[in-house]
Amino acid sequence: MNPIEPTPVWLRRFTKLVAASTLFLIFAGAMVTSTGSGLAVPDWPLSYGMLMPPMIGGIFYEHGHRMIAATVGLLTVIQALWLWRREPKRRVRILGWCAVGAVIVQGLLGGLTVIFLLPPAISVAHAGLAEIFFCINVSIAVMTSKWWSTPSGAPATSPVIAAALVVIVYAQIIIGAVMRHLQAGLAIPDFPLSFGKIVPSFTSVAIAVNYAHRIGAVIVAIAVITVASRLLAARVLRTNAVLLLAVVIAQICLGALTVWSGKQPFITSLHVMTGAATLALSLMTALAGRHLVAQPSVAPPTSAALFASEVRA
């Protein structure tokens, strides 16, 4: 097998920075919702007619989110231009421009949520596209990694199963976004039971959505355990498997703490961020598994070095 032409080392590092910055942007956006600061700045694209309003109260979260989004947008444009000039893989170059398109639409959706006073449909679309934008940047970081150029190991689980995990996690995130923007996070005030029962009485849409999110968490946990156990048994992509299990455990704990703390903003926002991290790890596993199918290696099965520190090329 001829190795794939590698991506320049500093470009590899920059794509990781963009992906990490996007994850932080998701956390910052979650803080806006968690603190109820979505309309703390009532105009857009300026903030109270200014580029830099006083950073007090909810303005700190809302305008801070806009500043972080602008920075990530700039990094995304730089990434696309750099990929266009130096990245040997055509599909990665295309993904770079897809990320630019996604961040532009995301910015417009963010503006519309303010202009139309936080309608749930637009707010959920804004949250859903944020995850897609993050996935695009994660895909770019994976496909430009050193491991992608010289993959090792053999697929341990069907690419279809791994792809199904991505879909399941994304669906769970969307249900969570609907719950948040319908203000239904505490529609069921106890945990792990629901009004002291395994199955509550569905007397409102809020309770139904909240319970659906809880059922979704169980389905995600089962799916992650299924995929991770196959990877660990085959001694392939073990780092991905361990991190998937760890993040899902953290996510369940944060979900419980969100309820027990009465939706404390920082805990709630961490819950949103770890949900995005679960999606990213699921996507990385699916991409790596698919790549191993397409590019079988003669090397012994090892863990994918997707998380390894960069070394001098």
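Is Glu-62 buried or exposed? At 6% relative accessibility, Glu-62 counts as buried.

**Model confidence**

The structure is a predicted model. Its chain has a mean pLDDT of 90, and 90% of its residues reach 70 or more. Residues 297–305 stay under 50 in pLDDT, and the model has 24 contacts for them beyond four places in sequence. The pLDDT is also below 50 over residues 309–313, a stretch with 10 contacts in the model beyond near neighbours in sequence. Where pLDDT is low, the predicted coordinates should not be read in detail.

**Salt bridges**

The model contains 2 salt bridges. One of them joins Arg-66 to Glu-62, with the closest N and O atoms 2.9 Å apart. Both residues belong to helix α2 (residues 58–86), and because they are 4 residues apart, about one helical turn separates them. Like Glu-62, which is buried at 6% relative accessibility, Arg-66 counts as buried, its value being 13%.

A salt bridge also links the side chains of Glu-87 and Lys-89, at 2.9 Å from N to O. Glu-87 has a relative accessibility of 3% and therefore counts as buried. Lys-89, at 10% relative accessibility, counts as buried as well.

**Nonpolar surface patch**

Trp-44, Ile-104, Leu-108, Leu-112, Ile-115 and Phe-116 make a nonpolar surface patch of about 560 Å². Among these residues, Ile-115 lies in helix α3, which spans residues 90–115. The relative accessibility of Ile-115 is 47%, so this residue counts as partly exposed.

Definitions and conventions
Residues numbered from 1 in each chain as written. Predicted model: local features only at pLDDT ≥ 70, side-chain atom pairs only at ≥ 80, totals over all residues. Heavy atoms only, no water. Patch = residues over 30% accessible without salt bridge, like charges linked within 9 Å, V, L, I, M, F, W, Y side chains within 5 Å. Areas by Shrake-Rupley, 256 points an atom, 1.4 Å probe, with all protein chains shown as cover. Salt bridge = Lys/Arg side-chain N within 4 Å of Asp/Glu carboxyl O. Helix = DSSP H or I, 4+ residues; strand = E, 2+ residues; numbered from the N terminus. Buried < 20%, exposed > 50% of the residue type's maximum accessible area, 1.4 Å probe, protein only. pLDDT = per-residue confidence, 0-100. Contact = heavy atoms within 4.5 Å.
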